Amino acid sequence: MLGNGRLEAMCFDGVKRLCHIRGKLRKKVWINQADIVLIGLREYQDTKADVILKYTPDEARNLKTYGEFPETVRINDTVTFVDDGLDEDIEFGDDISEDEEADNAVDNI
């Protein structure tokens with residue numbers, strides 16, 4: 001992101017282009033680093049382009065399976081901690097009964 005509705009995009013053809021986020025997407029669709037976006041190239045300026053659409057992760061995965069993206073493209077998968085069993089070691093503080101919690105609330109007032 002460069003500010004003022006502009007960003008620098010690395011295209012699949014290996015060229016970095018200065019892109020302008022069109023008005024329909026500004027302040028409605030937030031574009032982050034490593035997001036996959038569809039850009040429209042300008043006929044008269046090869047180093048500049050316009051952002052047309054931001055793909056969701058599901059759309060990007062579908063396009064990769066259809067062969068629209070190069071094989072070297074990595075699409076970020078969402079991390080689920082429950083499947084990995086990482087949440088089993090989480091311990092919370094002491095259990096407080098409802099009576100003690102109510103007493104603490106009254107004391108804080």
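Two strands pair if DSSP finds at least two bridges between them. Strands (E, at least two residues) and helices (H or I, at least four) are DSSP runs, numbered from the N terminus. On that basis, Ile39 stands opposite Val51 in E4.

This is a predicted model, in which local features need pLDDT of at least 70 and side-chain atom pairs count only at pLDDT 80 or more, while totals for chains, interfaces and linings use all residues. Residues are numbered from 1 along each chain as its sequence is written, and side-chain values use heavy atoms, with hydrogens and water left out.

The protein chain has four strands and three helices. Along the sequence the pattern reads β-β-β-β-α-α-α. Of its 109 residues, 18% count as buried (buried means under 20% relative accessible area, exposed over 50%, partly exposed in between; 1.4 Å probe, protein chains only).

**Sheet layout**

- The four strands form an open sheet in the order E1-E2-E4-E3, with mixed pairing.
- Strand E1 (6–10) and strand E3 (37–41) are the edges, and each pairs on one side only.
- Neighbouring strands are turned by 45° against each other on average, direction ignored. Axes here are lines fitted to C-alpha atoms (for helices, over the stretch in contact), and angles run from 0 to 180 degrees between N-to-C directions.
- Strands of a sheet pair through backbone hydrogen bonds, either parallel or antiparallel.

**Strand pairs**

- E1 and strand E2 (residues 16–21) run antiparallel and are joined by five bridges. Arg6 has His20 in E2 as its bridge partner.
- E1 and E2 form a hairpin, with five residues between them. Gly14 sits in that turn and has a positive phi of about 90°.
- E2 and E4 run parallel, joined by four bridges. Ile21 stands opposite Val51 in E4.
- E3 and strand E4 (residues 48–54) run antiparallel, with five bridges between them. Val37 stands opposite Lys54 in E4.
- E3 and E4 also form a hairpin, here with six residues between them.

- Side chains of opposite charge can pair when their charged atoms come close.
- The structure holds five salt bridges (a side-chain nitrogen of Lys or Arg within 4 Å of a carboxyl oxygen of Asp or Glu).
- Asp13, Arg17 and Asp46 are linked in a network of salt bridges.
- Arg17 lies in strand E2. Arg17 counts as buried because its relative accessibility is 3%.
- The side chains of Arg17 and Asp13 meet in a salt bridge at 3.2 Å, N to O.
- Asp46 is found in the loop between E3 and E4. Asp46 counts as exposed because its relative accessibility is 54%.
- A polar atom of the Arg17 side chain lies 2.9 Å from the backbone oxygen of Asp46. A polar contact is a pair of N or O atoms within 3.5 Å; within protein, one must be able to donate a hydrogen and the other to accept it, and residues adjacent in sequence count only if both atoms are side-chain atoms.
- Asp46 and Leu18 are 28 residues apart in sequence and 9.6 Å apart in space, C-alpha to C-alpha.

**Further salt bridges**

- Lys54 forms a salt bridge with Asp35, with the closest N and O atoms 3.2 Å apart. This pair links distant parts of the chain: Lys54 in strand E4 and Asp35 in the loop between E2 and E3, 19 residues apart.
- Lys54 counts as partly exposed at 24% relative accessibility, and Asp35 counts as partly exposed at 28%.
- Asp50 forms a salt bridge with Arg42, the closest N and O atoms being 2.9 Å apart. Asp50 is partly exposed, at 24% relative accessibility.

**Nonpolar surface patch**

- Leu38, Ile52 and Leu53 form a nonpolar patch on the surface, with about 210 Å² of accessible area together.
- Patches are made of residues with over 30% relative accessible area and no salt bridge: like charges are joined within 9 Å, nonpolar side chains (Val, Leu, Ile, Met, Phe, Trp, Tyr) within 5 Å.
- Accessible areas come from the Shrake-Rupley method with a 1.4 Å probe; for residues, only the protein chains shown count as cover.
- Ile52 belongs to strand E4. Ile52 counts as partly exposed, at 36% relative accessibility.
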